[in-house]
Amino acid sequence: MKKFKYIRPNNLKDACSILKRENDIKILAGGTDLLVQIKDRMKTPENLLDITYLSELRVIRNNSNYLEIGALSTHQDIIDSDLVSNNAGILQQACIQIGSPQIRNRGTIGGNIINASPAADTLPPLFTLESELILISESGERTVKIKDFFQGPGRSIIEPNEILKSIRFKKHSNWLGHFKKLASRKALAISKLSVAGLFLVNNGTIDQARIAFGAVGPTILIGKDTVALILNKKISSISEKEISDAVIKDISPISDLRSTQEYRKAITTILVQRILQNLMKA
Amino acid sequence: MSFIGKSIQRIDAVSKVNGSAKFIDDYYFDSMLYARIFRAPVPRGRIKNLDLSAAEKLAGIKGIFTAKDIPGANIVPVVEKDQPLLADEVFNFAGEAIAIVVADDPDIAEEGVSLIKLDYEELPSILTIEDSINKTVPDICSKPDNIFSHYKIRKGDFEKGFKSSDISFEEEYKTGYQEHAYLETQGMIAVPNPEKTITVYGSMQCPFYVQEGVSEITGYPLSDVRIIHTTTGGAFGGKEDVPSIIAGFASVPAVILNKPVKMVFDRAEDIMTTSKRHPAWIKFKTGFSKAGKLLAIKVEFYFNAGAYSTLTPIVLWRGLVHAMGPYACDNIHIDAYAVATNTVPCGAFRGFGTPQVIFACETQMDIAAEKLNLSPIDLRQINILKVGDSTGTSHDLDESVGLEKSLHLAADGIDWKNKFIPPSEKTGRKRRGVGISTLFYGVGLGAKGGMLRRAGAFIQVYRDGSVNVAVGTTEMGQGSNTVFAQLTAEALGCSPDNVTILPIDTSRVPDSGPTVASRSTVMTGNAIRNAADQIKHYLLLGASELSGKPEEAIELIDGRVLTAGNELKISFIDVVEHCFNQRYHLTSQGWFKAPSTSWDDDTGLGNAYFIYSFVTNTAEVEVDIETGEVEVLNLVSAEDFGQPINPKMAEGQIEGGVIQGMGYGIMENLYSEKGIFINPGFSTYLIPTTMDVPLVKPIIVNEGYSKGPYKAKGLGECPLMGVAPAITNAIYNATGIRVREIPALPELIIKQKKE
């Protein structure tokens with residue numbers, strides 16, 4: 001481990017001014033990734049800004065049509081929240097499958113977003129919820145759509161002087177959401193692939209649909225072709241072959257440590273089919 | 001018997017649970033320094049220049065040491081002496097140590113490592129078994145043709161056996177690396193003493209190996225090298241030979257700088273540069289009569305040894321002896337090869353060369369059963385070893401063969417009769433199936449163990465009736481110290497609460513060989529009995545003098561003194577007190593030499609081990625036929641290791657080993673790119689978590705061994721070895737998909753399904 005300067009701000013305003021002042025600084029939210037990377041010298045920042053105590057960033061609240069989740073809300077906070085449960089159950093489905101009890105108690109949704117892993121489990125649900133990210137710096141706030149936020153594995157458009165303050169999305173209380181992931185073991189495993197689907201279904205017909213894929217591209221991928229295929233159709237009328245063709249157009253998986261390109265292609269299709277089958281049952 | 005077969009609480013349970021146990025990284029010595037290692041960046045190269053200048057200028061660096069600085073011989077002594085502690089001129093695998101950097105703190109030492117500049121010429125290298133066999137690069141190791149070792153078995157006439165067979169078939173199998181994944185990484189502290197001797201503390205299985213290693217490296221005689229074993233957080237074979245290297249890294253700077261030096265590996269370094277289970281490529285042919293009698297076996301198998309031979313010759317030999325499985329067969333032809341590659345040297349791992357061949361052999365039996373239209377149980381019933389049979393190496397078994405019992409107990413344990421349904425009758429997305437494997441395992445070092453096949457013990461009874469026992473084989477988590485306390489108490493007639501098992505110290509006990517090969521209970525157990533008997537002689541004499549009863553009529557049990565079943569008014573402590581007053585010698589040295597074995601290298605026949613343990617594993621799985629995901633629902637392991645000394649701990653050993661075997665079979669996978677492991681951490685090298693653990697049912701099958709201490713045999717390794725094929729055979733039974741490669745990852749199962 002390389003030594004670093006530890007800075008703990010009193011409030012969000014202080015944090016923003018420190019970020020502006022200091023160069024080569026990393027923000028500590030939950031630390032479940034960052035501290036491991038620092039220990040292994042994969043990251044060697046001069047300064048560490050510990051925002052874990054900024055309780056103003058750890059709130060989940062109703063905001064008229066929106067639900068707003070503070071960036072320091074832990075995965076367990078989200079699992080425990082009735083507000084999320086009633087308005088964005090799909091996000092809870094993802095959070096409950098993350099890591100282990102220790103990681104869910106420590107890891108934050110903001111950290112999961114900023115880490116920008118294409119395999120992050122909260123991201124496909126946040127894409128289907130059409131989330132917006134509120135970024136704050138000393139010069140003010142700006143709001144970015146989550147689909148415009150990521151640039152590649154580990155890369156996003158956040159500026160070095162900005163902090164992710166919160167995530168907000170419209171309430172989706174009548175929507176049916178499904179998140180499915182595959183991993184190499186039942187806990188403490190990063191997804192090989194994941195699929196989130198959020199739907200409004202009327203009499204067996206899909207009126208609205210949003211699909212997002214994790215770990216099958218450099219960032220989270222939106223299922224454009226798959227959505228186009230299923231929209232306004234009776235679920236029972238869609239063939240396996242059609243789904244497979246559409247899904248394969250939507251995704252661009254590679255072979256890596258966790259799985260193979262071939263397997264990811266085949267199984268992503270199967271997970272989409274399973275989600276549609278679940279919709280039929282509903 | 002009062003303490004044999006009793007599940008007393010582990011004597012180290014409290015210290016492990018409340019955290020008071022001291023592991024090597026918890027120790028500190030005054031003015032101690034810290035070592036880190038500079039390593040080879042590619043699989044093979046010639047060192048042109050090593051520029052230490054920038055690192056040496058760093059504040060806090062106390063010294064940087066290379067091959068030329070080693071005061072003794074630059075070797076790691078194992079079987080051959082082909083491995084240097086520090087690469088000189090050439091290096092032969094990525095991660096091989098080149099320099100030791102020592103500093104006031106570990107972060108400075110690490111910084112120093114990053115400042116070393118190596119100028120090298122990369123040499124052509126070999127990374128796979130196939131390339132090594134084909135000699136794509138010739139002469140990469142100390143032996144001709146890139147082959148470290150070749151052993152064979154020539155029994156009967158295998159060609160004739162295949163001709164007379166009604167069915168015969170050949171298959172190829174592959175098995176991968178396995179990482180030990182002990183919780184405590186490798187670590188040692190070397191402390192130089194004023195009188196030019198050295199004491200080395202650390203985490204290890206084999207203190208006497210470390211003693212020899214440090215003696216070679218420092219040039220000190222064995223008498224001046226003292227090794228003290230510290231609480232060891234798991235080993236599984238990974239701390240058999242490797243700690244000699246770690247001790248070398250600490251000892252070289254310690255003797256040169258005359259300061260204590262701590263060398264503790266970090267996890268990535270530990271996974272990337274220390275020994276693993278050998279990957280294997282196995283060609284297996286078997287022939288049967290219509291009735292299912294095994295008539296001929298031909299096996300050719302290759303282990304990837306890595307860059308140096310380390311323990312490979314012995315691992316390979318054990319693989320050879322067990323390759324034909326626990327079956328009686330008259331015609332056997334086996335060739336076993338260990339080939340060199342420019343990868344990390346492989347070595348000991350629970351099962352020691354047998355899980356690879358058991359996977360092949362037991363899959364072969366499963367395929368045969370289907371071809372013969374017999375149930376896998378019936379096919380085994382026909383062929384398994386029973387008392388009076390002869391093993392594959394022509395060892396006539398005259399006692400303690402519990403395989404048949406274990407076969408039926410394991411089958412019943414998984415409800416085989418109701419659950420074994422052919423795969424063709426299964427439908428739906430999630431399909432269940434059951435599988436079985438049987439195995440035998442030679443206890444102890446066997447015929448190739450040479451002078452190592454002995455163990456010592458030292459017992460001292462104090463005036464208050466408390467007892468100290470010093471032994472030469474180590475507690476590494478398996479529970480041997482509790483077993484030793486039980487054996488001592490049983491033999492002396494005191495309570496285990498009065499027995500203290502001392503930390504192993506090479507100055508206290510004679511070289512007792514390594515703590516490996518499931519040998520501790522039999523070897524050290526018998527040495528303890530030998531020592532205890534000498535003291536018991538005086539205790540009985542003393543009890544007789546005190547009570548006026550004849551010696552033959554007196555029994556000492558759990559601190560009580562009895563005659564004809566009646567407790568006398570005197571106690572164990574009274575007897576001890578009396579013996580002290582009479583100046584009787586209540587201190588003794590025990591010694592045990594392993595029962596005899598035999599071996600002929602030309603035929604590969606002989607009594608390879610003095611006794612064998614036997615296991616049947618059954619598994620029930622549920623496979624998602626669309627995704628290839630396997631959920632193991634039930635694992636049953638019926639094990640004959642003779643008389644269990646502590647049944648509860650034995651069950652714990654079985655449960656842990658079975659899960660480690662499950663990881664080996666379906667989960668654990670080391671990936672390498674250009675000869676470098678790219679997943680050297682527990683977030684990327686995945687072993688089962690508690691969430692993945694199925695219901696495990698351990699069954700103890702007790703077929704006593706007359707020469708074992710209270711009829712015990714050995715257990716440590718057996719639980720792991722046959723789990724993988726029980727699971728892959730269950731996968732076949734569920735889905736009709738035959739897996740010939742482990743780990744059986746979902747990706748492989750789906751690929752296999754398409755073929």
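## Domains of chain B

In this predicted model, the centres of domain 2 and domain 3 of chain B, taken over C-alpha atoms, are separated by 38 Å. The contact between them takes 20 residues from domain 2 of chain B and 19 residues from domain 3 of chain B.

Chain B is divided into three parts: domain 1 (18–123 + 186–264), domain 2 (280–447 + 600–754) and domain 3 (454–592).

## The cavity

The structure holds 1 cavity of 30 Å³ or more. About 210 Å³ of space lies in the largest cavity. Its lining draws at least three residues from each of domain 1 and domain 2 of chain B.

The lining of the largest cavity comprises 22 residues, and those nearest its centre are B:Gln83, B:Phe93, B:Ile245, B:Phe249 and B:Thr273. Helix H7 (residues 242–257) of chain B gives the most to this lining, with 4 residues. By residue class, the lining of the largest cavity divides into 13 nonpolar, 6 polar and 3 charged residues.

## The second largest pocket

The second largest pocket has a volume of about 1,100 Å³. Several elements give two or more residues to its lining: from chain A, strand S11 (176–182) and H11; from chain B, strand S24 (612–624), strand S25 (630–640), helix H17 (647–666) and helix H20 (746–754). The largest share, 4 residues, comes from S11(A).

In total, 45 residues line the second largest pocket, and A:Ala183, A:Ser184, A:Arg185, A:Lys186 and B:Glu629 lie nearest its centre. The residues of this lining divide into 23 nonpolar, 6 polar and 16 charged.

## A:Thr268 in helix H11

Helix H11 of chain A, which spans residues 261–281, contains A:Thr268. This helix is also among the elements that give two or more residues to the lining of the second largest pocket.

A:Thr268 has a relative accessible area of 0%. A:Thr268 is therefore classed as buried, since the cut-off is under 20%. Leaving aside neighbours within four places in sequence, A:Thr268 is in contact with A:Leu193, A:Val195, A:Phe213, A:Val216, A:Val247 and A:Ile251.

## A:Gln76 in helix H3

A:Gln76 lies in helix H3 (residues 75–80) of chain A. With a relative accessible area of 21%, A:Gln76 counts as partly exposed, because that class lies between the limits of 20% and 50%.

When residues up to four places away in sequence are not counted, A:Gln76 touches A:Arg104 and A:Asn105. The C-alpha atoms of A:Gln76 and A:Gln92 are 9.0 Å apart in space, and these two residues are 16 residues apart in sequence.

## A three-stranded sheet in chain B

Chain B contains an open sheet of 3 strands in the order S4-S2-S6, with antiparallel pairing. Strand S4 (90–91) and strand S6 (117–122) are the edge strands, each pairing on one side only.

Strand S2 (residues 45–51) of chain B pairs with S6(B) in the antiparallel sense over 6 bridges. Within the model, B:Leu50 stands opposite B:Leu118 in S6(B). In general, strands of a sheet pair through backbone hydrogen bonds, either parallel or antiparallel.

Terms used:
Residues are numbered from 1 along each chain as its sequence is written. Chains are lettered from A and ligands numbered from 1 in the order in which they are written. This is a predicted model: local features need pLDDT of at least 70, side-chain atom pairs count only at pLDDT 80 or more; totals for chains, interfaces and linings use all residues. Side-chain values use heavy atoms; hydrogens and water are left out. Two strands pair if DSSP finds at least two bridges between them. Buried means under 20% relative accessible area, exposed over 50%, partly exposed in between (1.4 Å probe, protein chains only). Contact means heavy atoms within 4.5 Å. On a 1 Å grid over the protein atoms alone, a cavity is a set of points where a 1.4 Å probe fits but cannot get out, and a pocket is an open set with protein on both sides within 12 Å along at least five of seven lines; lining residues have an atom within 4 Å of a point. Grid points are joined across faces, edges and corners, and a volume is the space filled by probe spheres set on the points. Ala, Val, Leu, Ile, Met, Phe, Trp, Tyr, Cys and Pro count as nonpolar, Asp, Glu, Lys and Arg as charged, and the others, Gly among them, as polar. Domain bounds come from an automatic or database domain assignment.
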